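Dear colleague,

Please find below the structure that I am passing on to you.

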Amino acid sequence: MKKSSKGLEEPNSTPRYGRGTGVPNPIDVHVGARIRMRRLLLGMNQETLANALGLTFQQVQKYEGGANRVSASRLSAMADILGVPISYFFGDLRPDNAELSPEDRQWREYLQRPETIEFIRLYYAIPDPKVRRQFLDMAKTVAESFEAKA
C-alpha cells in the first residue's frame, strides 16, 4: 500500500473479488451457503424465506450464492426467521490464508448437498430414539457392505 497526498493508504493492486470483478467475496459465499443449509434443514423453500423477508425468491438465490451481500439488518431478520443466532452464519469460517485439504473440502461439499441436509432433517424427524438408532445401524451395515466390495 502507498500513501496518497491526503495521507490515506491506497491499494497498489486490483482486488481479487468484490464489486466489479465478477467474483463474489468468499465470506459472502460462506454466509450464503450457511443461509441455504439452515433453510434446507428446516425444510423451507426459497420462496417461503423470501416472503418472510418481503423479498423475491430470486433475491434469496443471490444471497445464497454470494452474488449479493446480505446487510446486517437483513442477516438479523434471517437469523430470527431461521431460528439461529447471527453467529451461526459465520460458523466454520476460515481465515483467508487457511486452505482446506482436498479431503476436508470433499466432506464439506458432501455436508452441503441438499440430499445430505434432507437426510439429516428426516433422521431427526423420527421421534423414537430407538428407531433412529436402528436406522443408523442399518445405514452403517449397508455402507460397510459396499466398503467390503471396494
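The notes that follow begin with the chain as a whole and then turn to individual helices and residues.

The model is predicted: local features need pLDDT of at least 70 and side-chain atom pairs count only at pLDDT 80 or more, whereas totals for chains, interfaces and linings use all residues. Residues are numbered from 1 along each chain as its sequence is written, and side-chain values use heavy atoms, with hydrogens and water left out.

Overall composition

The protein chain contains 7 helices and 2 strands; helices (H or I, at least four residues) and strands (E, at least two) are DSSP runs, numbered from the N terminus. Along the sequence their order is β-β-α-α-α-α-α-α-α. The chain has 150 residues, of which 23% count as buried; buried means under 20% relative accessible area, exposed over 50%, and partly exposed in between (1.4 Å probe, protein chains only). Among contacts with a separation of 6 or more, 51% are between residues 24 or more positions apart; contact means heavy atoms within 4.5 Å.

In helix H4 (residues 72-82), the buried residues are Leu75, Met78, Ala79 and Leu82. They lie on the same side of H4 because they cover an arc of only 100 degrees around the axis, the arc being that of the directions from the helix axis to the C-beta atoms. Ser73 and Asp80 are exposed on the other side of H4. The cover over the buried residues of H4 includes helix H1 (26-41), helix H2 (46-53) and helix H3 (57-65). Just after H4, glycine 83 has a positive phi of about 70 degrees.

The buried residues of H2 are Gln46, Leu49, Ala50 and Leu53. Their arc around the axis is only 100 degrees, so they are on the same side of H2. They pack against H1, H3 and H4, while the face of H2 turned away from its buried side carries the exposed residues Asn51 and Ala52.

Helices H5 and H6

Helix H5 (residues 102-112) and helix H6 (residues 114-125) pack at an angle of about 60 degrees, and their axes are 5 Å apart. H5 is therefore oblique to H6. Axes are lines fitted to C-alpha atoms, for helices over the stretch in contact, and angles run from 0 to 180 degrees between N-to-C directions. Angles under 35 degrees count as roughly parallel, over 145 as roughly antiparallel, 65 to 115 as roughly perpendicular and the rest as oblique. Tyr110, Leu111 and Gln112 in H5 meet Pro114, Thr116 and Ile117 in H6.

Arginine 113 lies in the loop between H5 and H6 and counts as partly exposed because its relative accessibility is 37%. Its C-alpha is 9.7 Å from that of leucine 40, although the two are 73 residues apart in sequence.

Arginine 121 is located in helix H6; with 29% relative accessibility, arginine 121 counts as partly exposed. Neighbours within four places in sequence aside, arginine 121 is in contact with Leu40, Leu41, Leu42 and Gly43. Arginine 121 and leucine 42 are 79 residues apart in sequence, with 7.2 Å between their C-alpha atoms.

With kind regards
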